[in-house]
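Let's take a walk through this structure together. Keep the viewer open as you read.

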Amino acid sequence: MNILVCISKAPDTTSKIAFTNGNTQFDENGVQYIVNPYDEWYALVRALELKEAQGGNVTIITVGTTADDAVIRKALAIGADDAVRIDAPASDAYFVAMQIAEYAKGKGFDLILTGKETIDYNGSQVAGMLAEALELPYIAIATKLDVAGSTISCEREIVGGMQEVEVQAPAVISCAKGMAEQRIPNMRGIMAARTKPLNVVAPAALDALTTYSTYSMPAAKSSVQLIDPNNLDELVALLHNEAKVI
Amino acid sequence: MNLVYINSANGLSKAALETVTYAKKLGADVAVVTNANAAAEQLATLGAYGASVVLQDANIDGQDPSQLVKLVAAAAAKVGASNIIFSHDLIGKAVAPRLSVRLKAGLVAGAVALPEADGSTKVNVFSGKAFGYVKVNTAVRIISLLPNSIQPEQTGGNCSTEAFDSQAGSSAISVKATKKPEGAIPLPEAELVVSAGRGLKGPENWGMVEDLAAALGAATACSRPVADIGWRPHHEHVGQTGVAIRPNLYIAAGISGAIQHLAGVNGSKVIVVINTDAEAPFFKAADYGIVGDAFEVLPRFTEAVKRFRAAQH
């Protein structure tokens, strides 16, 4: 089974979020980048588990510049066989998805996995766009994934519940918590990652469809109003009269 | 013309009414396209929220995004849509990106407000820690609207319903089983949420969380550790790896407020935190705080809500 796992870099969860250039650019100063957790913990690890059980190959792909090679090596250290980097800045979700689709076309991947979203732009867009561009079925936000022959079975979230579904390979699946557990790369994996193939591919000529014109920060929260634990009637009155939420 | 996609398989959700209201506020007439076989009389009530016509393809059950994308694309061509609106729920997240590629139209994923004067639209970025303003560079714009971002508004008006054969083909996804708790308020749509964490000490103590939720008419939620150890079902888990919600009121009992939990609830309008530890980080994100034992505070809170409700009647 040949599996393509789409990964993205993302700022570490504890990064300070700030903007520069008149609030038009994310301030990368002092930001530590990691593999987007949904891509790493769920999509990549589940792909590796399937490969270990059934054989095959796991390729990771990202759209980015040489600055992204560190997170690619990290994903290789966890166990991916080889990596592809489309050599262009990731300008928007459409651009990223279409670049990956251009690369994946005709390469015979049985499964294409992504995380359910990135923790920076949270758009949940790339997997669906990729599925449309490759004319493949798409199971969004799956929490379980198994493959038997050419049948892919998933559990997916639906509004207010869960659903068990099946689809025939090849398919695109976005992966969420429940599918696998995080793996910490060992020294052997880290050493091996240095020599695994990283193919740098020139981007296709494509335009982004969207741009971020500016960013802003939420208004600072005023400090908490403490209520006497013996006077819950006061809290209820405040929620009704002041906050107007009940 | 503005086009709205709604799933009417389980009637008209609040999220559906929000999207129709949003499309109306964008200006221009509003057409709605839906799958499933909801009654025409029920769909016609969308007229009050601004829809002038509903196109209904009852042959599509809504399980396969590749069918739904064909349905919405066919409707967009029929009405000449310049804005296409989805709810940013599990269906919208699956279908809107496909439509963006199919129509080569820019997508604003997870809008939290109407577009600004310069045409950009506000979205949450960095898991709710900041806002971004997205500009679409194409003539047709697709927007998926985060639930609870605007209130449904009745402006009055009538709408017609038309059967619509979108020629969307058959579903590639076969459904083997569906698990959905009956009668519960879907968490992403709930306006009031009562949530609890490890401070509750065990699943047998959730009765007082449910009692407060029942008194308020709220949905229940929980923190990640509580779902991980199996005290509560995973679909109740709110936070970075669980569901992100933005209710009007979020009440958290016995949750310390780790950054990953806050990422799932920081869009809430009002946050009440109950914790024995006055140093719990959650108090910094709270509007109202009670330093006290949840085992004592929750039942008193429930009684206070009941007194308030009784006095209202």
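Which residues of strand 12 of chain A point one way, and which the other way? Ala171(A), Ile173(A) and Cys175(A) point one way, while Val172(A) and Ser174(A) point the other way. Please keep in mind that this is a predicted model.

## A covered strand in chain A

Because 5 of the 5 residues of strand 12 (residues 171-175) of chain A are buried, the strand is largely enclosed by the rest of the structure.

Now for the neighbours. Strand 8 (residues 111-115) of chain A runs parallel to strand 12 of chain A, and 5 bridges join them.

## Where the two chains meet

The contact between the chains takes 60 residues from chain A and 75 residues from chain B. On the side of chain A that touches chain B, the elements giving two or more residues include helix 4 (126-134), strand 9 (138-148), strand 14 (210-216) and helix 6 (232-241) of chain A. By class, that side of chain A has 34 nonpolar, 18 polar and 8 charged residues.

One strand pairing crosses from chain to chain. Strand 14 of chain A and strand 7 (residues 130-136) of chain B pair in the antiparallel sense, over 6 bridges. Within this pairing you can look for Tyr212(A), which stands opposite Val134(B) in strand 7 of chain B.

## A helix in chain B

Helix 4 (residues 90-103) of chain B has 14 residues. From its first C-alpha to its last, helix 4 of chain B reaches 21 Å, close to the 20 Å expected at 1.5 Å a residue. Is this helix mostly covered or mostly exposed? Helix 4 of chain B is mostly covered, with 13 of its 14 residues buried. After the helix comes Lys104(B), whose phi is positive, near 50 degrees.

## How confident is the prediction?

Chain B averages a pLDDT of 95, and 99% of the residues score at least 70. For the model, the scores are ipTM 0.95 and pTM 0.93.

Technical notes. Residues are numbered from 1 along each chain as its sequence is written. Chains are lettered from A and ligands numbered from 1 in the order in which they are written. This is a predicted model: local features need pLDDT of at least 70, side-chain atom pairs count only at pLDDT 80 or more; totals for chains, interfaces and linings use all residues. Helices (H or I, at least four residues) and strands (E, at least two) are DSSP runs, numbered from the N terminus. The expected span of a helix is 1.5 Å times one less than its number of residues. A residue is buried if 20 or more other C-beta atoms lie within 10 Å of its own, exposed if 12 or fewer, and partly exposed in between; C-beta atoms are placed from the backbone. Two residues are in contact if their C-beta atoms, placed from the backbone, lie within 7 Å. Ala, Val, Leu, Ile, Met, Phe, Trp, Tyr, Cys and Pro count as nonpolar, Asp, Glu, Lys and Arg as charged, and the others, Gly among them, as polar. Two strands pair if DSSP finds at least two bridges between them. pLDDT is the predictor's confidence in each residue, from 0 to 100.
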